[in-house]
Amino acid sequence: MTNTTVNQWVPHSPCGAACVPETKRVSRLRSTARMTGFAFAAVVLLTVGLITVLVPRRARHGYWRGSARVCLRSMGVRLTVEDRRPDEARRIRGALIVANHVSFLDIVAMASVAPARFVAKHEVAQMAGFGIVAKAFGVLSHVRGDLRLLRPMIDTVTGILDRGRAVAVFPEGTTWCGAASGRFRPAFFQAAVDAGVPVLPMRLTYSESGRPTTLAGFIGDDTIGATFMRIVTAPELVVTLTVFDLQLPAPDRLELAKSVQRLVNPAVDLSDRLVPVDLVDTARRAPSPV
């Protein structure tokens with residue numbers, strides 16, 4: 001076994017089972033139909049998707065944007081996109097995409113607008129089934145907290161950005177329930193600074209039957225299976241993706257992270273579903289050198 005020096009300030013979220021509300025569920029027949037539909041769509045779309053490496057990038061990205069929307073609909077999830085960019089600025093080349101992190105649905109929703117290479121924590125990339133798919137589609141596996149591997153990963157992301165490709169990261173470093181949110185770590189913003197490319201901020205919020213909800217959160221001791229079951233049994237789950245205008249890469253990565261965080265952090269009222277305030281405040285006050 002290889003010894004690693006793990007940073008004690010690895011991002012941590014206090015969100016857990018207490019954040020997830022008890023809500024109405026659809027019938028077993030309907031949830032089974034959704035699971036079957038998702039499984040069928042995933043197999044077909046991924047199989048066809050492997051062939052898209054032979055087509056021009058613009059056509060390939062168009063395919064994956066459409067595929068992401070089909071996957072969401074197969075699970076019974078409706079996507080709403082609020083794109084605040086000017087029409088002429090909606091083609092993505094060499095941008096660092098950043099967003100708050102709530103659920104594994106985040107990746108699917110973001111891919112519906114801007115397919116990119118995603119940076120995912122090593123544990124997720126190694127999950128049974130998902131790991132194979134992740135490797136096939138260029139997911140960058142990152143070991144959180146290992147400072148020896150952080151700089152090489154930033155250099156890898158910088159190189160991809162230099163080649164005119166988009167990379168997506170979740171600078172909170174872990175998932176939050178959506179009612180609470182974490183501080184944006186500045187480390188990966190350095191890649192945008194080094195490559196001289198803009199940052200594209202996105203905000204993800206979830207609602208169920210017209211009310212903000214935390215049920216899609218992949219938090220605490222959740223497994224992908226448990227989160228998936230909450231999603232496919234929700235009567236009317238909606239994910240709203242807000243896309244902000246491109247931000248120029250300020251020389252100071254700390255200021256860049258702070259300014260983007262002010263844009264992205266959701267401003268929603270989930271006071272009846274928040275984790276205890278003292279836990280959230282304690283997590284936000286904890287310093288971090290990264």
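Student: Which strands form a hairpin with two residues between them?

Tutor: Strands here are DSSP runs of E, at least two residues long, numbered from the N terminus. Two of them pair if DSSP finds at least two bridges between them. In this structure β6 and β7 form a hairpin with two residues between them, and Ser 209 in the turn has a positive phi of about 55°. Strand β7 (residues 211-212) pairs with β6 in the antiparallel sense over two bridges, and Arg 211 in β7 is the bridge partner of Glu 208. This is a predicted model, in which local features need pLDDT of at least 70, side-chain atom pairs count only at pLDDT 80 or more, and totals for chains, interfaces and linings use all residues. Residues are numbered from 1 along each chain as its sequence is written, and side-chain values use heavy atoms, with hydrogens and water left out.

Student: In which sense, parallel or antiparallel, does β6 pair with strand β2, and how does it run with β8?

Tutor: With β2 (residues 96-99), the pairing is parallel over four bridges; Ala 99 stands opposite Met 202 in β6. With β8 (residues 237-243), β6 runs antiparallel, joined by seven bridges, and Val 243 in β8 is the bridge partner of Met 202.

Student: Why is strand β6 described as largely enclosed?

Tutor: Buried means under 20% relative accessible area, exposed over 50%, and partly exposed in between (1.4 Å probe, protein chains only). Nine of the 10 residues of β6 (residues 199-208) are buried, so the rest of the structure largely encloses this strand.

Student: How many disulfides does the structure hold?

Tutor: A disulfide is a pair of cysteine sulfur atoms within 2.5 Å. The structure holds zero. Cys 19 is in no disulfide, and the nearest cysteine sulfur, that of Cys 177, is 4.0 Å away. Cys 19 is buried, with a relative accessible area of 1%.
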